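Subject: A structure for you to look at

Hi,

Here is the structure I promised to pass on to you. Have a look at it first, and then read my notes below.

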Amino acid sequence: MEMNPVLTLHKEQLVLVTEVACDGKFFVQLDTDEAYGLPDLSAQIGQLAKTLPVVSAPAVAMRCYALSATHGQWFRGVIANLKTPSCLIFYVDYGNVETLPLTNLRHASDALFASMPYQAVSCKLDDFLPMDSDWGGTFKALQGLIMDKELTLVFHMQDPVLRSIIRLPCYRVTALDSVSRLSIARKLVDDGFGQYCLSHQSIEVGMSGTAIVSYCESPDRFWVQLTKDSGELDKLMESLNSPEWLAKQRPIPFSALFSGAACCVSYDEDGRFYRGEITKATASEVTVLYVDYGNSAVLAPSSILQLSQDFVALPTQALQCQLEGVEQARSVVAEWSESAIQLFADQCGVGEFDIVFGPQVSPGVYKVALSSKATGSLASWVVKQVGAHVTQAAPSPASKDAGRTSQGVPASSQPAAKPTSQPPSQPASKPTSQSSSKPPSQPSSQPPS
């Protein structure tokens, strides 16, 4: 049995919100015949429960039938926590929880319990970040906007970190009011509860394609862009720098400058505007990551502009990577030398590479294999050509980070005067060649919130 209904990604779907949790997650039922059949399922469980034994030895994750103390109806549930002599029950078809005594629980019949997937699908907004990281007052605002309402959702991907209370997958979604077509994220931003945030690409082990290196600090730390999306980034950049759009932009209020928020920032070398993500903010300066290239800048708070929701949909284009296969050279050095970094950066700037993704070495950082017709395996080239230029002795504390965070260079250019604050002089999005019946609005069988 699938734990959730089969979902279609990247396509609008009508849903009913059945629960909003205090951490910003919410649960929905899809517009399916199975969701409509939940009242009948509840009635069947009620009849069957008369013949089933009471749960006497509860355990976390145990399936059961639960008699709601509020509604007086039976529902499918899973024990989420033990609160002797009671249990916290998670209702798998609605997403909410209730504490019940053991006398309200029955051992589940496998056949009936497994007759349909769990109807509650766990979701979280993909394009919104609250100002209060614990969701505090933002939770109430979200609840008021969506609870017991029909929404139009687009499911993007499973979140690799977020899970529901019983380890169900949680999906990143964008959400619209099904009647007004108002974006839920835009409403929350307009009401001052937070800022837009940018989504990230879904990368799986073994995924391959072609890429260019957009920014480089060392073979252990560089960023790539996949060429398959270069046309989308070109269109975004053209719109982002249009006079009509720029004339409407205003700085983000200081109170809304917080880590993770999306923004729009200029680049001194060309005067153009780029998408950014705030990674650190103080009263005097803000550190911003150029999310489509990989480099960072420290800027004045007054220069950080609001990024319109129109520019949030495209996932960030720069993927942070480590080169796979350079362990032979890396194992004998404490740090890459400046000359080794420059050689590597020059080689990265020659054009497109074939790329194969390995596992993440840390969240958002991928081990990759790169190769091209000109160089063959880039890792082999590094071991052979760059290996002779690495620093054999450990660097002094004063120079330990030299050649990494303060010596990164755009792969297509010579070392810059302020390398960590500059996107490539020629946007890396332009490679030299491209690779070619519905659930009722008030379910009569819904457990209590």
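Strand β3 (residues 63–67) and strand β4 (residues 74–83) run antiparallel and are joined by five bridges. Strands here are DSSP runs of E with at least two residues, helices are runs of H or I with at least four, and both are numbered from the N terminus. Two strands count as paired if DSSP finds at least two bridges between them. Please keep in mind that this is a predicted model: local features need pLDDT of at least 70, side-chain atom pairs count only at pLDDT 80 or more, and totals for chains, interfaces and linings use all residues. Residues are numbered from 1 along each chain as its sequence is written, and side-chain values use heavy atoms, with hydrogens and water left out.

Back to the strands. Leu 67 has Trp 74 in β4 as its bridge partner. β3 and β4 make a hairpin with six residues between them, and Gly 72 in the turn has a positive phi of about 70°. β3 also runs antiparallel to strand β7 (residues 105–107), joined to it by three bridges. There, Ala 66 stands opposite Leu 105.

Now try β15 and β16. How many residues lie between the two strands of this hairpin? There are six, and Gly 271 in the turn has a positive phi of about 75°. β15 pairs with strand β16 (residues 273–281) in the antiparallel sense, over five bridges, and Ala 262 faces Glu 277 of β16. β15 (residues 262–266) is largely enclosed by the rest of the structure, because four of its five residues are buried. Buried means under 20% relative accessible area, exposed means over 50%, and partly exposed is in between (1.4 Å probe, protein chains only).

Next, the empty space. Rolling a probe the size of a water molecule over the atoms shows where such space is left. A pocket is an open set of points on a 1 Å grid over the protein atoms alone, where a 1.4 Å probe fits, with protein on both sides within 12 Å along at least five of seven lines; lining residues have an atom within 4 Å of a point. The second largest pocket has a volume of about 510 Å³. Its lining has 27 residues, and the closest to the centre are Asp 126, His 156, Thr 174, Ser 199 and Ala 313. β10 (150–163) and β11 (169–177) each supply at least two lining residues, and β10 gives the largest share, with four. The volume is the space filled by probe spheres set on the points, which are joined across faces, edges and corners.

Finally, there are nine salt bridges, each a side-chain nitrogen of Lys or Arg within 4 Å of a carboxyl oxygen of Asp or Glu. Asp 23 and Lys 25 form one at 2.5 Å, N to O. Is Lys 25 buried or exposed? Lys 25 counts as buried, at 9% relative accessibility, while Asp 23 is partly exposed at 29%.

Another salt bridge joins Asp 310 and Arg 186 at 3.7 Å, N to O. This pair links distant parts of the chain, 124 residues apart: Asp 310 is in the loop between β18 (296–299) and β19 (319–323), and Arg 186 is in helix α5 (residues 184–190). Asp 310 is exposed at 57% relative accessibility, and Arg 186 is partly exposed at 30%.

Happy exploring!
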